[in-house]
Amino acid sequence: MNAASRGGLISVKKGALRHPVVIAAGGAALAAVLVLNVLAFLRGLESPWLLGGVIVADMLVIGAGVLVAARAVLLAEHLTEESQEQLSAIVDSAMDAIITVDATQTIRLFNRAAEQVFGCPREQAIGSPFERFIPQRFRAAHRGHIEQFGTTGVTSRRMGDVTTLWALRADGSEFPIEASISQAGVPGAHYYTVILRDITVRKQYEDALKRQQQELRELSAAVLEAREEEKTHIARELHDELGQLLTAVKMDLAWLHENMPGGDAALADKLRELSGMVDQTVSATRRISADLRPLMLDDLGLGDAAAWLVEEFAKRSSVQCRVALPDEGALEGISKAVGTAVYRALQESLTNIARHSGARNAWVQLVAENGELRFEVEDDGRGISPQDMAKARSLGLKGMRERLSFLGGSLDIARAPRGGTRLRGRVPLKGFAETRP
């Protein structure tokens, strides 16, 4: 509001008619007229001069009242026009489109930003139905939403909290918007005001970002799949080729021990030592092969592989583990990608328990029902903090979440009731990524 308008408002509030002296003089004059009227009524025709004076005084008072009332009406109209101009200037200066409709959803207000957004002059918009700016397929639903909003008693709310809203320009092109709506009632009328913003550019950026994220997920999944295949190949080479060679070496050592000339105790001890080293090498080879890719995951399935994983973890660590698996046959329909993702998640969880938790007990559970596989790993250790999960080096947790997310699943990590960490994951048995066209 500028200085001139402020000055105008001050002159109205502190005008001459509201001065205390003027008000007192007016009150005294009205009292005098009232006394004269009473005297004229009592004296009647006995004092014609008094009666004439009273009539003149009454006419003067009535005239003054009419002038004051007329001035007040003119001032009120002036203030109303000035307020409307100021309101129109404020509405037109807004950067967002503002549209007001009545109960029949006829446009009553259309600001300058709305003209630019919809490509429609104000003169053509005002008085027309608001549905002209809504795509045909959304019009029935929009009218129902407005009517329902009018009965809620809520003064304002955001529109389209879940889905993107779409509007229609005058040239017939559609564009995405975000909007809020408010309602106000005046005597004999009800109005709805919509404030909306064109988010075409932002929507394009969001769509591009989603596409890039999906491409990165697919690339990450391809890398993980290639890595798993390479691990499987190396594991089978270790298990088959190297295992066979070590077995042959052990058989040759046994033959040498049997055919060794008698009496050479040092050579016999050396052969026994070599045989023990070969046994250790065979065990190490099997362990490395299983860590790379347990062959039973491919041959026997996720259930047996998970049971073996928990058993081996309990043997190598001081953590007591309890595992609960679904009934036999419940995992028959599981896809290879889902089995690998869940197994790696269990493996990473147990590794974190051994490295960081200081737990004495751990619980592992697998449940297959309603077309999805759920797993849970819990311990009674020191627990994980939000700062630990946010560390840049916590790639194991990020990798688990990314694997499951690509397959249409999710992963939640939180404090456990026993004080440690509880990891919960779920994924469709078939894998969302594998069922997409």
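Okay, what are we looking at? It's a predicted model, so bear in mind that local features need pLDDT of at least 70, side-chain atom pairs count only at pLDDT 80 or more, and totals for chains, interfaces and linings use all residues. Residues are numbered from 1 along each chain as its sequence is written, and side-chain values use heavy atoms, with hydrogens and water left out.

First, the overall picture. The protein has 14 helices and 11 strands. Of its 437 residues, 30% are buried.

Now find helix α6, residues 139-152. Its 14 residues reach 20 Å from first C-alpha to last, close to the 20 Å expected at 1.5 Å a residue. That expected span is 1.5 Å times one less than the number of residues. Which residues of α6 are buried? They're His142, Ile146 and Phe149. Look down the axis of α6 and these buried residues fall within an arc of 65°, so they line one face of the helix. The arc, by the way, is that of the directions from the helix axis to the C-beta atoms. Here's the background: an α-helix has 3.6 residues a turn, so residues three or four places apart point the same way. On the other side of α6 you'll find Ala140, Gln148 and Thr151, which are exposed. And the cover over the buried residues of α6 includes β3 (156-159), β5 (174-186) and β6 (189-198).

Next stop, Asn111, in the loop between β2 (107-110) and α4 (112-118). Is Asn111 buried or exposed? It counts as buried, because its relative accessibility is 0%. Its side chain makes polar contacts, which are pairs of N or O atoms within 3.5 Å; within protein, one must be able to donate a hydrogen and the other to accept it, and residues adjacent in sequence count only if both atoms are side-chain atoms. The side chain of Asn111 reaches the backbone oxygen of Asp96 at 3.1 Å and the backbone nitrogen of Ala114 at 3.0 Å. Leaving out residues up to four places away in sequence, Asn111 touches several others, including Val91, Ile98 and Arg122.

Let's move to the nonpolar cores. A nonpolar core is a set of buried Ala, Val, Leu, Ile, Met, Phe, Trp, Tyr and Cys residues joined through side-chain atoms within 4.5 Å. The largest one has 38 residues, and those with the most contacts inside it include Leu302, Val342 and Phe375. Elements that each supply at least two residues of this core include α10 (302-316), α11 (336-357), β8 and β9. Which element gives the largest share? That's α11, with 8 residues. Beyond its neighbours within four places in sequence, Val342 is in contact with Leu302, Leu366, Leu373, Phe375 and Val427. There's also a second, separate core of 24 residues, which includes Phe110, Cys120, Phe149 and Ile177.

Ser357 belongs to α11 and counts as buried, because its relative accessibility is 9%. The Ser357 side chain reaches the backbone oxygen of Ile353 at 2.6 Å, and a polar atom of that side chain lies 3.1 Å from the backbone nitrogen of Ala359. After α11 comes Gly358, with a positive phi near 65°.

Most residues other than glycine have a negative phi. Gln105, though, has a phi near 60°, and Asn370 has one near 55°. Gln105 sits in the loop between β1 (97-101) and β2, and Asn370 in the loop between β8 (361-369) and β9 (372-379). Gln105 counts as buried at 4% relative accessibility, whereas Asn370 counts as exposed at 76%.

Methods. Helix = DSSP H or I, 4+ residues; strand = E, 2+ residues; numbered from the N terminus. Buried < 20%, exposed > 50% of the residue type's maximum accessible area, 1.4 Å probe, protein only. Contact = heavy atoms within 4.5 Å.
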